[in-house]
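Happy to go through this one with you. Let's take the labels one by one and ask what stands behind each of them.

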Amino acid sequence: MATSGTALVQRSTISGNFAQDVVGGIIVNGGSAVVEDSSVSSNTANGSVGGILANVGTQVYLSSVTLADNVAGELAGALAIETGGTMTVTDSTVENNRASTNGGGIYNADELTLLNTKIVGNQANLGGGLYNAATGTAALYNTKVIKNIAVTDGGGIFKTRRWHCPAEPRHRHCVDQEPPEQLLRHRARLRRVANRAQSDSRGPVSPCAGDAGPSAVPTVGPLAWGGG
């Protein structure tokens, strides 16, 4: 999607796309991206990542996004966070995605935060809903992981290390805990970014506080996929 700056995808549909190698839907290959009130569905990659990849050195923010029926021949049916990338997902649904190896819904190798999100009915060999790699840190707040399937281990979640569970969940599928203040601030900032981008005829802007300037969206450079 971008090699620098910020891209905004709002009230859009990314569907029915195919990649012979990696990422059927969206590669965020540099800079940052905001995807809001959108659908990323029925995309396919013969390699890894059916839906969206946060590549090395990127920040991706998803809000009110449906990721459904995406397929990966290897890792990450819907979402992947590469080492050096970060992703925050709020008020979204990750449903009925498939990966042949790890992470039917999500594959995380760095920093992932899920808030008020559902991970439902995804399938993979390991980690039907979420696969958290050795380099990954994941935090779930008021998030449901239900009815996912693993052929081998971790129907809901497969983790190798570094896991943040804010409190003992009252329900076995759900971390039922209020998000920290920084995540609440992030949600408000995400909304401000979207509102500003709508009214700014010069193009999308950065979600970083204090940066109100326009951003270019260059062509995508080569993908640095580390796998794992």
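Q: Why is Asn142 called partly exposed?
A: A quick reminder before we start: this is a predicted model. Asn142 has a relative accessible area of 33%. Buried means under 20% and exposed means over 50%, so Asn142, at 33%, falls in between and is called partly exposed.

Q: Where does Asn142 lie?
A: Look at the loop between β19 (137–141) and β20 (143–146); that is where Asn142 lies.

Q: What makes the pair of Asn142 and Asn116 a polar contact?
A: The side chains of Asn142 and Asn116 come to 2.8 Å. The cut-off for a pair of N or O atoms is 3.5 Å, and 2.8 Å is within it, so the pair qualifies as a polar contact.

Q: Why does Ser92 count as buried, although it is found in a loop?
A: The loop in question runs between β11 (86–90) and β12 (93–95).

Q: Which residues is Ser92 in contact with, leaving aside its neighbours within four places in sequence?
A: They are Leu62, Ser63, Ser64, Val65, Asn116, Thr117 and Lys118. For Ser64 there is a further detail: its backbone nitrogen lies 3.3 Å from a polar atom of the Ser92 side chain.

Q: What makes Lys147 exposed?
A: Its relative accessibility is 71%. Exposed means over 50%, so Lys147 counts as exposed. You will find Lys147 in the loop between β20 and β21 (149–153).

Q: Which residues does Lys147 contact, leaving aside its neighbours within four places in sequence?
A: Gly121 and Asn122. The C-alpha atoms of Lys147 and Gly121 are separated by 4.9 Å, although the two residues are 26 apart along the chain.

Q: How many helices and strands does the protein have?
A: The protein has 1 helix and 24 strands.

Q: What percentage of the contacts with a separation of 6 or more comes from residues 24 or more positions apart?
A: Such pairs account for 81% of those contacts in the protein.

Q: How many of the residues count as buried, as a percentage?
A: Of the 228 residues, 50% count as buried. As for the surface, the protein exposes about 9,600 Å², and carbon and sulfur atoms supply 47% of that.

Notes:
Residues are numbered from 1 along each chain as its sequence is written. This is a predicted model: local features need pLDDT of at least 70, side-chain atom pairs count only at pLDDT 80 or more; totals for chains, interfaces and linings use all residues. Side-chain values use heavy atoms; hydrogens and water are left out. Helices (H or I, at least four residues) and strands (E, at least two) are DSSP runs, numbered from the N terminus. Buried means under 20% relative accessible area, exposed over 50%, partly exposed in between (1.4 Å probe, protein chains only). Contact means heavy atoms within 4.5 Å. Accessible areas come from the Shrake-Rupley method with a 1.4 Å probe; for residues, only the protein chains shown count as cover. A polar contact is a pair of N or O atoms within 3.5 Å; within protein, one must be able to donate a hydrogen and the other to accept it, and residues adjacent in sequence count only if both atoms are side-chain atoms.
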